[in-house]
Amino acid sequence: MTARVVLATRNAHKVGEVRAILADALAGRVDVETIHTALVGLEGWDVPDVVESGVTFEENALLKARAAAQATGLPALADDSGLCVDVMGGAPGIFSARWSGAHGRDRENLQLLLDQLADVPDEHRGAAFVAAVALVHPDGTSVVRQGRVAGTLAREPHGEKGFGYDPILRPEGGQRTLAELTPAEKNGISHRGQALRALLDDLEPLLTGDRG
């Protein structure tokens, strides 16, 4: 089987995470090998970098998915996500990955946010990870789904398993941060996982080649 869906990222970690989420969600219906073969990242494709000029997660996810679909001729998945802090009016939001000024500086982003919230009492440290996942077909048709995991922000990082702001968000009803959860635990509740599971009816026939 050849690739049937392209994930608009060159990040191998994200490709693996999305494959794991889909494998769990489609267990008993689509085998793991099919998912691994049918869903690929952008490695090896000539896809230009996309300027994330949207003002919402949905807009940025669509920008990335449309570029990937146009360049590869395949249905494309893309996500945009971030941390929305209640007391900050939803910031850092779409700027989460570059909150400290440059894209992808996880440690600096996290520390800056903690410094900004240093005087905020525990009862006002509510926040949520939000993700939008877009599926765009080569003909331009698209669908977007959202996921959200709410919780409270710790005052210092805990855990080594996550990335980004994972070490400071404790999901509602839990005592551990997302960075203290196992990958399976995180995928079961994560914002990206929720959005992908909401797209299963659209994705399953693409991954299996059964379109009709």
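This is a predicted model: local features need pLDDT of at least 70, side-chain atom pairs count only at pLDDT 80 or more; totals for chains, interfaces and linings use all residues.
Which helices and strands each supply at least two residues of the lining of the largest pocket? Residues are numbered from 1 along each chain as its sequence is written, and side-chain values use heavy atoms, leaving out hydrogens and water.

Back to the pocket (on a 1 Å grid over the protein atoms alone, an open set of points where a 1.4 Å probe fits, with protein on both sides within 12 Å along at least five of seven lines; lining residues have an atom within 4 Å of a point). The answer is α1, α3 (57-72), β3 (76-85), α4 (106-116) and α6, with β3 giving the most, five residues. Helices here are DSSP runs of H or I, at least four residues, and strands are runs of E, at least two. In total 38 residues line this pocket, and Lys14, Glu52, Lys64, Ala97 and His103 lie nearest its centre.

Now look at the largest nonpolar core, which has 23 residues. Such a core is a set of buried (under 20% relative accessible area, 1.4 Å probe, protein chains only) Ala, Val, Leu, Ile, Met, Phe, Trp, Tyr and Cys residues joined through side-chain atoms within 4.5 Å. Leu22, Leu39, Leu77, Leu196 and Leu207 have the most contacts (heavy atoms within 4.5 Å) inside this core. α1 gives the most to it, with five residues. Not counting residues up to four places away in sequence, Leu22 touches Ile35, Leu39, Leu196, Leu200, Leu203 and Leu207.

Notes. Buried means under 20% relative accessible area, exposed over 50%, partly exposed in between (1.4 Å probe, protein chains only).
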